[in-house]
Amino acid sequence: MLRDPPYSAHVIEHLLFFFATYVPVISCSNSRSQLSVRINLLHIPSPVVTGDSVHLRCGYELGNETLYAVKWYKNMGEFFRYVPASDPPLKIIQQAGIDVDISQSDDSTVFLRNLSMESFGNYTCQVSTDKPFFRCVQSTQQMEVLVPPSDGPILMEEKSDYELGDNVSILCNSGRSKPAPVLKWYINDQLLRELEIGFAVADIVEQVKIDMD
């Protein structure tokens with residue numbers, strides 16, 4: 001004998017029907033759309049350095065419509081939202097590489113602290129309006145995160161004393177960084193290009209020989 005489903009099942013069924021019937025599906029347009037709702041400013045600082053703190057800014061116009069929500073995403077994962085009808089209106093969604101200072105964030109600004117390598121990515125500001133139009137616009141920019149060298153360059157040589165005619169072998173080693181460091185060579189405070197090194201060294205050796213004579 002079949003039994004009637006429990007009361008909770010009826011409640012869930014009616015809720016699903018309600019959301020399917022009355023909650024609109026909002027599709028977002030890009031910030032250059034011709035709608036009255038538009039994003040007129042998106043500021044994502046880039047490049048930044050690990051350990052930095054930055055403000056993300058999103059300026060928008062609503063026309064005659066009412067704001068429903070401002071949401072922030074990194075690589076399609078939401079990490080912050082402002083919904084004026086909610087209590088509290090600000091909400092943080094945890095995500096790797098994202099450390100939001102809610103005390104310095106609002107409907108148009110998000111303050112990120114302690115940036116790391118995981119903070120790199122595409123940041124999107126999404127603005128949506130309330131009924132009856134339920135419009136949505138969004139804009140995206142990339143944040144590049146730099147890692148300065150952990151240590152200064154170190155020179156390593158086979159020996160410290162040389163005689164005229166000796167070959168000189170010197171290794172310059174720098175700490176890890178992103179992007180990889182660009183090493184430049186100076187002789188007597190003169191910057192050398194790669195193709196000039198051999199000629200410059202020959203000139204210096206000749207000058208040393210003249211001075212010794």
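Modeller: Let us begin with a term: a residue counts as buried under 20% relative accessible area, as exposed over 50%, and as partly exposed in between. The model discussed here is a predicted one.

Colleague: Why is R81 called partly exposed?

Modeller: R81 has a relative accessible area of 24%. This value lies between 20% and 50%, so R81 is partly exposed.

Colleague: What makes E78 buried?

Modeller: The relative accessible area of E78 is 16%. That is under 20%, and therefore E78 counts as buried.

Colleague: Why is the contact of R81 and E78 called a salt bridge?

Modeller: The cut-off is 4 Å between a side-chain nitrogen of Lys or Arg and a carboxyl oxygen of Asp or Glu. For R81 and E78 the distance from N to O is 2.7 Å, which is within 4 Å, so the pair qualifies. In general, side chains of opposite charge can pair when their charged atoms come close.

Colleague: How many salt bridges does a search of the whole structure find?

Modeller: The search finds 5 salt bridges. Among them is the one between D99 and R113, with the closest N and O atoms 2.9 Å apart. D99 lies in the loop between β7 and β8, whereas R113 lies in the loop between β8 and β9, so the bridge ties together parts 14 residues apart in sequence.

Colleague: What makes R113 and D101 a salt bridge?

Modeller: Their closest N and O atoms are 3.8 Å apart. This is within 4 Å, so the pair meets the definition. D101 is in the loop between β7 and β8, 12 residues from R113. Through shared partners, D99, D101 and R113 are joined into one network.

Colleague: Let us turn to the cysteines. Why is the link between C58 and C125 called a disulfide?

Modeller: Their sulfur atoms are 2.0 Å apart. The cut-off is 2.5 Å, and 2.0 Å is within it, so the pair is a disulfide. C58 belongs to strand β4 and C125 to strand β9, 67 residues apart.

Colleague: What makes this disulfide of C58 and C125 left-handed?

Modeller: The torsion about the S-S bond is about -85°, so the disulfide is left-handed. C58 is buried, at 1% relative accessible area, and C125 is buried, at 0%.

Colleague: How many disulfides does a search of the whole structure find?

Modeller: The search finds 2 disulfides. One of them joins C28 to C136, with an S to S distance of 1.7 Å. C28 lies in the loop between α1 and β1, and C136 in strand β10, so this pair ties together parts that are 108 residues apart in sequence.

Colleague: Is C136 buried or exposed?

Modeller: C136 has a relative accessible area of 3%, which is under 20%, so C136 is buried.

Colleague: What pattern do the disulfides of the protein chain follow?

Modeller: With bonded cysteines counted along the chain, the pattern is 1-4, 2-3.

Key
Residues numbered from 1 in each chain as written. Predicted model: local features only at pLDDT ≥ 70, side-chain atom pairs only at ≥ 80, totals over all residues. Heavy atoms only, no water. Helix = DSSP H or I, 4+ residues; strand = E, 2+ residues; numbered from the N terminus. Buried < 20%, exposed > 50% of the residue type's maximum accessible area, 1.4 Å probe, protein only.
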